[in-house]
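Colleague: Could you take a close look at one part of this model for me, the place where its helices pack together? I am new to this, so please go step by step.

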Amino acid sequence: MKGNIWIYILVSGIVSYIIRVLPLTLIRKPITNTFIRSFLYYVPYATLAVMTFPAIMLATDNIFSGLAALLVGSVLAWKEKGLPAVASACCITVFLLELILA
(Lines give C-alpha, C1' and ligand atoms only; values in the text may rest on other atoms or scores of the structure.)
Protein backbone atom coordinates (compact mmCIF):
# COMPACT_ATOMS: atom_id res chain seq x y z
CA MET A 1 0.00 0.00 0.00
CA LYS A 2 2.73 2.48 0.93
CA GLY A 3 4.64 1.85 -2.29
CA ASN A 4 1.52 2.58 -4.32
CA ILE A 5 0.93 6.00 -2.78
CA TRP A 6 3.46 7.60 -5.15
CA ILE A 7 1.60 6.12 -8.11
CA TYR A 8 -1.67 7.56 -6.77
CA ILE A 9 -0.08 10.99 -6.30
CA LEU A 10 1.45 10.89 -9.78
CA VAL A 11 -1.82 9.84 -11.45
CA SER A 12 -3.85 12.49 -9.59
CA GLY A 13 -1.29 15.15 -10.56
CA ILE A 14 -1.43 14.14 -14.22
CA VAL A 15 -5.23 14.12 -14.25
CA SER A 16 -5.35 17.52 -12.55
CA TYR A 17 -2.84 18.91 -15.05
CA ILE A 18 -4.77 17.54 -18.04
CA ILE A 19 -8.02 19.06 -16.77
CA ARG A 20 -6.36 22.47 -16.58
CA VAL A 21 -4.43 22.29 -19.85
CA LEU A 22 -7.04 20.77 -22.20
CA PRO A 23 -9.29 23.85 -22.36
CA LEU A 24 -6.27 26.04 -23.13
CA THR A 25 -5.14 23.81 -25.99
CA LEU A 26 -8.52 22.90 -27.49
CA ILE A 27 -10.29 26.27 -27.33
CA ARG A 28 -8.21 28.89 -29.13
CA LYS A 29 -10.86 31.35 -30.32
CA PRO A 30 -13.34 33.33 -28.22
CA ILE A 31 -16.59 31.60 -27.28
CA THR A 32 -19.45 33.26 -29.12
CA ASN A 33 -22.32 30.95 -28.21
CA THR A 34 -24.51 32.89 -25.76
CA PHE A 35 -25.74 29.75 -23.99
CA ILE A 36 -22.22 28.50 -23.26
CA ARG A 37 -21.06 31.98 -22.23
CA SER A 38 -23.95 32.39 -19.78
CA PHE A 39 -23.41 28.84 -18.49
CA LEU A 40 -19.74 29.53 -17.82
CA TYR A 41 -20.61 32.89 -16.24
CA TYR A 42 -22.86 31.26 -13.60
CA VAL A 43 -20.69 28.21 -12.81
CA PRO A 44 -18.71 29.90 -9.99
CA TYR A 45 -21.89 31.18 -8.32
CA ALA A 46 -23.61 27.81 -8.52
CA THR A 47 -20.52 26.04 -7.20
CA LEU A 48 -20.23 28.44 -4.28
CA ALA A 49 -23.91 28.01 -3.45
CA VAL A 50 -23.70 24.23 -3.57
CA MET A 51 -20.73 24.21 -1.22
CA THR A 52 -22.07 26.86 1.17
CA PHE A 53 -25.74 25.96 1.60
CA PRO A 54 -25.27 22.57 3.34
CA ALA A 55 -22.64 24.09 5.64
CA ILE A 56 -25.04 26.87 6.66
CA MET A 57 -27.80 24.42 7.49
CA LEU A 58 -25.66 21.84 9.29
CA ALA A 59 -23.13 24.02 11.15
CA THR A 60 -25.48 24.76 14.02
CA ASP A 61 -27.03 22.47 16.62
CA ASN A 62 -30.50 23.21 15.32
CA ILE A 63 -31.34 23.39 11.64
CA PHE A 64 -33.86 26.18 12.30
CA SER A 65 -31.20 28.54 13.59
CA GLY A 66 -29.17 27.94 10.44
CA LEU A 67 -32.24 28.57 8.30
CA ALA A 68 -33.01 31.78 10.21
CA ALA A 69 -29.43 33.00 9.76
CA LEU A 70 -29.68 32.23 6.04
CA LEU A 71 -32.87 34.27 5.78
CA VAL A 72 -31.44 37.19 7.78
CA GLY A 73 -28.25 37.16 5.73
CA SER A 74 -30.18 36.99 2.45
CA VAL A 75 -32.38 39.95 3.39
CA LEU A 76 -29.41 42.06 4.49
CA ALA A 77 -27.42 41.14 1.40
CA TRP A 78 -30.43 42.02 -0.77
CA LYS A 79 -30.48 45.43 0.93
CA GLU A 80 -26.79 45.79 -0.06
CA LYS A 81 -25.34 45.75 3.45
CA GLY A 82 -21.64 45.04 3.78
CA LEU A 83 -20.09 41.68 4.58
CA PRO A 84 -19.24 42.53 8.23
CA ALA A 85 -22.82 43.62 8.91
CA VAL A 86 -24.31 40.53 7.25
CA ALA A 87 -21.91 38.12 8.98
CA SER A 88 -22.46 39.78 12.36
CA ALA A 89 -26.23 39.68 12.01
CA CYS A 90 -26.13 36.01 11.03
CA CYS A 91 -23.92 35.13 13.99
CA ILE A 92 -26.17 37.05 16.40
CA THR A 93 -29.24 35.35 14.93
CA VAL A 94 -27.76 31.90 15.44
CA PHE A 95 -26.56 32.76 18.94
CA LEU A 96 -29.94 34.07 20.08
CA LEU A 97 -31.92 31.22 18.54
CA GLU A 98 -29.58 28.61 20.02
CA LEU A 99 -30.15 30.21 23.45
CA ILE A 100 -33.91 30.13 22.98
CA LEU A 101 -34.16 26.66 21.42
CA ALA A 102 -31.70 24.93 23.76
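Modeller: Happy to! Let's start with H2 and H3, which pack at an angle of about 130°, with their axes 7 Å apart. That angle makes H2 oblique to H3. On the H2 side, the contact is made by Phe53, Ile56 and Met57, and H3 answers with Ile63, Gly66, Leu67 and Leu70. Sorted by class, the residues of this contact of H2 with H3 are 6 nonpolar, 1 polar and no charged. Please keep in mind that this is a predicted model.

Now follow H3 to its other partner. H3 and H4 pack at an angle of about 155°, and their axes are 8 Å apart. Angles over 145 degrees count as roughly antiparallel, so H3 and H4 are roughly antiparallel to each other. In this pair, H3 passes H4 in a right-handed crossing. From H3, the contact draws on Phe64, Ser65, Ala68, Ala69, Val72, Gly73, Leu76 and Ala77. From H4 come Ala85, Val86, Ala89, Cys90, Thr93, Val94, Leu97, Glu98 and Leu101. By class, the contact of H3 with H4 has 13 nonpolar, 3 polar and 1 charged residues.

Let's zoom in on one residue here. Leu76 lies in helix H3. Leaving aside residues up to four places away in sequence, Leu76 touches Lys81, Ala85, Val86 and Ala89. For a sense of scale, the C-alpha atoms of Leu76 and Ala87 are separated by 9.6 Å, and these two residues are 11 apart along the chain.

Finally, what about open space? The largest pocket has a volume of about 350 Å³. It is lined by 16 residues, of which Thr52, Ile56, Ala69, Leu70 and Cys90 are the closest to its centre. The elements that give two or more residues to this lining are helix H2 (34-58), helix H3 (63-78) and helix H4 (83-101). As for class, the lining of the largest pocket has 13 nonpolar residues, 3 polar and no charged.

How values were computed:
Residues numbered from 1 in each chain as written. Predicted model: local features only at pLDDT ≥ 70, side-chain atom pairs only at ≥ 80, totals over all residues. Heavy atoms only, no water. 1 Å grid on protein atoms, 1.4 Å probe; cavity = no way out; pocket = protein on both sides within 12 Å on 5 of 7 lines; lining within 4 Å. Points joined across faces, edges and corners; volume = space filled by probe spheres on them. Helix = DSSP H or I, 4+ residues; strand = E, 2+ residues; numbered from the N terminus. Nonpolar A, V, L, I, M, F, W, Y, C, P; charged D, E, K, R; others polar. Axes fitted to C-alpha atoms, helices over the stretch in contact; angles between N-to-C directions. Parallel < 35°, antiparallel > 145°, perpendicular 65-115°, else oblique. Left-handed = near helix turned anticlockwise from the far one by under 90°. Contact = heavy atoms within 4.5 Å.
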